[in-house]
Amino acid sequence: MNSPKVISLVVDQDLCTGCGVCVSECTSKSISMDWTEEGFLVPQQTEYPCLDEGDCISVCPFNPFPKEKVKTEDELSNIFLRTNYENDKIGKYESLYVGYSKADRPTSSSGGLATYYLGQLFERKIIDAAIVVNYQDKPSKFYDYSLIKDKNQLIASSKTRYYPVTLENAINELDNFKGKVAVVGVGCFIKAIRLKQYENPSFKDKVVFLLAIICGGLKSKMYTSFLSNKTLNGEYPIKNPEYRIKSSENKAIDYYFGLDYKKERHLLRMREVGDMWGTGFFKSNACDFCEDVTSELADVSLGDAWLEPYVNDGNGTSIIITRSLLADQIVKEGMVNDELFMEDLSVADIVKSQSGSFNHRHKGLGYRLKKRERQGKLSPPKRERNIMRISLPFKLVQYMRQSVRRKSIKYWMETHKAELFQKQMKFSLFLLRITTILYRKTR
């Protein structure tokens with residue numbers, strides 16, 4: 001059976017993040033999204049043979065062989081964004097802010113601005129529906145994208161979900177939907193939407209606003225399994241896993257994981273778990289080949305304000321990068337109407353707020369690309385300015401982060417017990433910590 005290009009050139013190269021947009025481009029119905037044993041959603045071969053010429057891969061954000069006109073985020077932003085300012089690190093933009101929505105902040109993971117934006121788009125009749133992530137109440141899939149057509153449904157989608165989701169079904173729903181739509185997603189999902197808009201101009205007329213959540217890396221569903229196991233010592237079935245339960249008494253980074261079991265809510269303080277992000281635990285391999293730190297292709301990019309003094313406020317504060325006139329207008333009018341608390345930021349502030357991600361994704365990118373090349377593996381094209389020479393100590397850090405990522409998935413597949421898993425990971429984490437200390441001292 002002829003294998004679809006998106007499988008042979010992306011999935012088989014471990015470069016897929018599971019956006020599912022490729023499925024909507026497959027005219028032969030030869031691919032659909034399904035789980036891998038590592039806990040990721042990827043396109044897999046169906047019983048139907050692949051009959052097209054590779055249309056599915058044209059919308060893939062990690063396509064190793066994209067068209068020259070849409071080769072990287074730079075080319076795509078030139079097509080879709082018209083802004084007054086541009087920066088090599090954060091892309092095109094209109095304005096930079098930090099703040100929160102006064103009404104939506106209490107029910108959100110951070111500053112409540114995604115909920116506020118979508119509410120404004122509904123109220124202004126700019127959109128008739130929004131594609132957002134909602135709870136599914138299914139043991140096999142806790143969360144997935146769905147099409148909501150009412151502003152009152154926004155609260156249910158206002159939390160951060162560190163769980164694999166795919167746009168496959170939501171985009172299929174749009175075929176029979178007549179109105180205008182907004183989509184919420186991380187950078188690679190937004191890029192896939194832009195590629196689909198480029199390939200299908202009518203899709204651009206339907207999807208009129210893209211809201212990006214700045215991403216620190218996509219997690220396998222093993223992340224949820226591990227946290228659930230640590231919270232309840234293996235008791236199942238669980239419901240309503242929630243990843244960012246904040247407390248006004250703590251700092252922003254000091255939050256809880258929660259779940260329901262036998263009609264009771266159980267909490268786990270994430271500080272007691274350890275660093276799940278800088279280590280690369282349960283992360284998609286493709287994320288190591290993403291250079292889009294601030295989701296450069298959206299109308300607006302929102303992320304946590306990891307900056308003083310905002311990190312001290314456990315209620316949550318967001319950085320905002322507006323990249324369209326409409327996105328900027330919504331913020332400015334929200335300030336005038338006293339619905340938003342906002343302060344201006346500089347480019348340096350934005351970069352500092354995501355410094356760990358910039359350090360890893362840009363500074364370490366060249367090392368990881370060279371390593372793949374030596375292994376005979378494909379990589380998507382990247383912008384030369386983000387490919388840098390690095391010192392030996394930092395190469396060791398990159399090596400150990402990739403090792404920890406791989407081992408976290410391998411050991412969880414073998415154990416499914418949090419206590420034993422953490423014991424097995426202890427030595428690798430020790431080596432990562434030592435190499436990081438060595439790098440910082442030499443830097």
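A salt bridge is taken here as a side-chain nitrogen of Lys or Arg lying within 4 Å of a carboxyl oxygen of Asp or Glu. In this model, which is predicted, Arg 385 and Asp 88 form such a pair, with their closest N and O atoms 3.8 Å apart. The pair links distant parts of the chain, since Arg 385 sits in the loop between α12 (365-374) and α13 (392-415), while Asp 88 sits in the loop between β3 (85-87) and β4 (91-93), 297 residues apart. Arg 385 counts as partly exposed, at 34% relative accessibility. Both residues also belong to a network of salt bridges, whose other members are Glu 73, Asp 74, Lys 191, Glu 291, Glu 296 and Arg 383.

A search of the whole structure finds 28 salt bridges, and another of these joins Glu 199 to Lys 67, with the closest N and O atoms 2.9 Å apart. Because Glu 199 lies in helix α6 (residues 187-199) and Lys 67 in the loop between β2 (41-45) and α3 (73-80), the pair ties together parts that are 132 residues apart in sequence. Glu 199 is partly exposed at 24% relative accessibility, and Lys 67 is likewise partly exposed, with a relative accessible area of 43%.

A further salt bridge connects Lys 102 with Asp 338, the closest N and O atoms being 2.4 Å apart. Here Lys 102 comes from the loop between β5 (95-101) and α4 (113-123), and Asp 338 from the loop between α9 (325-336) and β15 (340-344), so that distant parts of the chain, 236 residues apart, are linked. Lys 102 counts as partly exposed at 39% relative accessibility, whereas Asp 338, with a relative accessible area of 51%, is exposed.

Notes: Residues numbered from 1 in each chain as written. Predicted model: local features only at pLDDT ≥ 70, side-chain atom pairs only at ≥ 80, totals over all residues. Heavy atoms only, no water. Helix = DSSP H or I, 4+ residues; strand = E, 2+ residues; numbered from the N terminus. Buried < 20%, exposed > 50% of the residue type's maximum accessible area, 1.4 Å probe, protein only.
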